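Let's walk through this structure together, one part at a time. Keep the sequence and the 3D view open as you read.

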Amino acid sequence: MPIYNIALIGFGGVNRALAELIATKNALWERDLGFRLNIVAVSDLYLGSVISPNGLDAKTLVEANFAKGGFGQLSGGRAEADNETIIKTAPADIIVEATFTNPKDGEPAVSHCRWALQSGKHVVTTNKGPVAIAARELKALAKANGVYFEYEGSVMSGTPVIRMAEKTLAGAEVKGFEGILNGTSNFVLGRMEAGLDFATAVKEAQILGYAEADPTADVEGFDVRLKVVILANELLRASLKPEEVMCKGISKLSSSDIETAAATNSRWKLIGSAARNADGTITGSVSPKLLPLEHPLAGVNGATNAVSLNTELLGSVTITGPGAGRVETAYALLSDIVAIHRAQTAVATKVAA
Ligand SMILES: NC(=O)c1ccc[n+]([C@@H]2O[C@H](COP(=O)([O-])OP(=O)(O)OC[C@H]3O[C@@H](n4cnc5c(N)ncnc54)[C@H](O)[C@@H]3O)[C@@H](O)[C@H]2O)c1
Ligand SMILES: N[C@@H](CCO)C(=O)O
């Protein structure tokens, strides 16, 4: 039974939730999925870094209330983050990248992924920056090094939109999509409809672990723009860059705009979309839209996301589920590791046959 050694880069909401799952579910995964996970290193900007080749106790990592630089107290620990050394030298099979998303150039996460793949380590990530900005390069690097680069959690958290569209809907010919792709802004719009002011609603989303470290990315649409680029490049075989996608967020919507919408049986939603044009080009956009209540996306509430894929053979197929949340996103990382495990097991079976 394989034990995958993993190194966590970033130890915030998502990777901490993964550690919690490891602490409680390893025995279940051994039975149901055929592997266990062992954390051999962690590096975090705030907490520092630690390497333990035999493995760190996940429960202790989660429960110890480490202060700034607190990993320095651990055996094999330092008070400073040391991403490059850990990624390149820790005895990890898989690097789990969950540092801040940088919507401008994806760094330093792009470098984290590059170092890992060049060192022959798989990468699983929920970070949208490297996927939106450098997926093509990183996929090629993974292939050249015989490892996998997986990123299901970069769009709609643990809801399996990327794998579902690519694997289960293969051949259905996706022509475009539109959806609610940011949990924070959807949650904020719903709370404003319930009477909260914008700033308080954003605070709530931060406490619940939905928002980015800088929530400007959520409310100004930059986060959705990255997700539109990821989906367009994956599902429509586009080569879009974030700056090519028109982007407008929800920050200019006032409480009175939201009340007026409710009085006319409609609702504001932040919609991300992309479609193939008649000339073969692909255009994406992010913008608030006033939807009538009977529109399928108007009833998607809270941090839930939904995307309707416009396909040639099936017409519209809508996928809905959690779009943000610590545990929900940690599940995406697990689903990526399951995909790697199954792909490797399939190769091993083929070689043995
Ligand atoms: N929380 C969600 O619902 C969700 C959903 C999908 C995707 N994501 C993405 O997953 C990633 C992690 O999200 P989160 O909610 O855990 O964020 P978070 O802000 O809670 O945690 C990020 C952690 O990364 C650390 N960090 C930042 N830069 C670092 C660096 N250069 N080196 C080492 N550590 C660094 C921070 O100290 C922090 O502990 C983000 O990229 C986010 O966009 C989050
Ligand atoms: N901040 C993001 C996290 C998921 O990518 C959101 O609210 O949707």
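Seven strands build an open sheet with the order 4-3-2-1-5-6-7, and their pairing is mixed. Strand 4 (77–78) and strand 7 (149–150) stand at its edges, each with a single partner strand, so one side of each has no neighbour in the sheet. Two strands are said to pair if DSSP finds at least two bridges between them. Helices (H or I, at least four residues) and strands (E, at least two) are DSSP runs, numbered from the N terminus. Within this sheet, strand 2 and strand 3 (residues 48–51) pair in the antiparallel sense over four bridges, and Asp44 stands opposite Gly48 in strand 3.

Before going on, a word about what you are viewing: this is a predicted model, in which local features need pLDDT of at least 70 and side-chain atom pairs count only at pLDDT 80 or more, while totals for chains, interfaces and linings use all residues. Residues are numbered from 1 along each chain as its sequence is written, and chains are lettered from A and ligands numbered from 1 in the order in which they are written.

Strand 10 (residues 266–276) and strand 11 (residues 282–292) run antiparallel, paired over eleven bridges. Along this pair, Leu270 stands opposite Pro288 and Ile271 opposite Ser287. Five residues lie between the two strands of this hairpin, where Gly280 takes a positive phi near 90 degrees. Strand 10 also pairs with strand 8 in the antiparallel sense, over four bridges; there, Gly272 in strand 10 is the bridge partner of Gly179.

How is the chain divided into domains? The assignment, which comes from an automatic or database source, gives domain 1 (3–157 + 327–352) and domain 2 (161–324). Their C-alpha centres lie 27 Å apart. Where the domains meet, 16 residues of domain 1 are in contact with 23 residues of domain 2; contact means that the C-beta atoms, placed from the backbone, lie within 7 Å. On the domain 1 side, the elements giving two or more residues are helix 5 (128–144) and helix 12 (326–352). Helix 5 gives the most, with four residues. By class, that side has eight nonpolar, five polar and three charged residues. Here Ala, Val, Leu, Ile, Met, Phe, Trp, Tyr, Cys and Pro count as nonpolar, Asp, Glu, Lys and Arg as charged, and the others, Gly among them, as polar.

Helix 5 also holds Lys128, which UniProt lists for "binding site" in an unreviewed entry; such annotations may be inferred rather than shown by experiment. Is Lys128 buried or exposed? With 28 C-beta neighbours inside 10 Å, Lys128 counts as buried. The cut-offs are 20 or more other C-beta atoms within 10 Å for buried, 12 or fewer for exposed, and partly exposed in between, with C-beta atoms placed from the backbone. Leaving aside residues up to four places away in sequence, Lys128 touches Thr101, Ser154, Asp223, Leu226, Lys227 and Ile230.

Helix 7 (residues 183–193) is mostly covered, with nine of its eleven residues buried. Among them are Phe187, Val188 and Leu189. The buried residues of helix 7 pack against several elements, including strand 8 (174–180), helix 8 (198–207) and strand 12 (304–311). After the helix comes Gly195, whose phi is positive, near 110 degrees.

Finally, turn to the ligands. Of the 30 residues around ligand 1, Gly10, Gly12, Val14, Thr126 and Ala324 come nearest; a residue is near a molecule if its C-beta atom, placed from the backbone, lies within 6 Å of it. The shell around ligand 1 draws at least three residues from each of domain 1 and domain 2. By class, this shell has twelve nonpolar, 14 polar and four charged residues. Around ligand 2 the residues include Ser157, Gly183, Thr184, Asp223 and Ala324. The shell of ligand 2 divides into three nonpolar, five polar and three charged residues.

Key. Contact = placed C-beta atoms within 7 Å.
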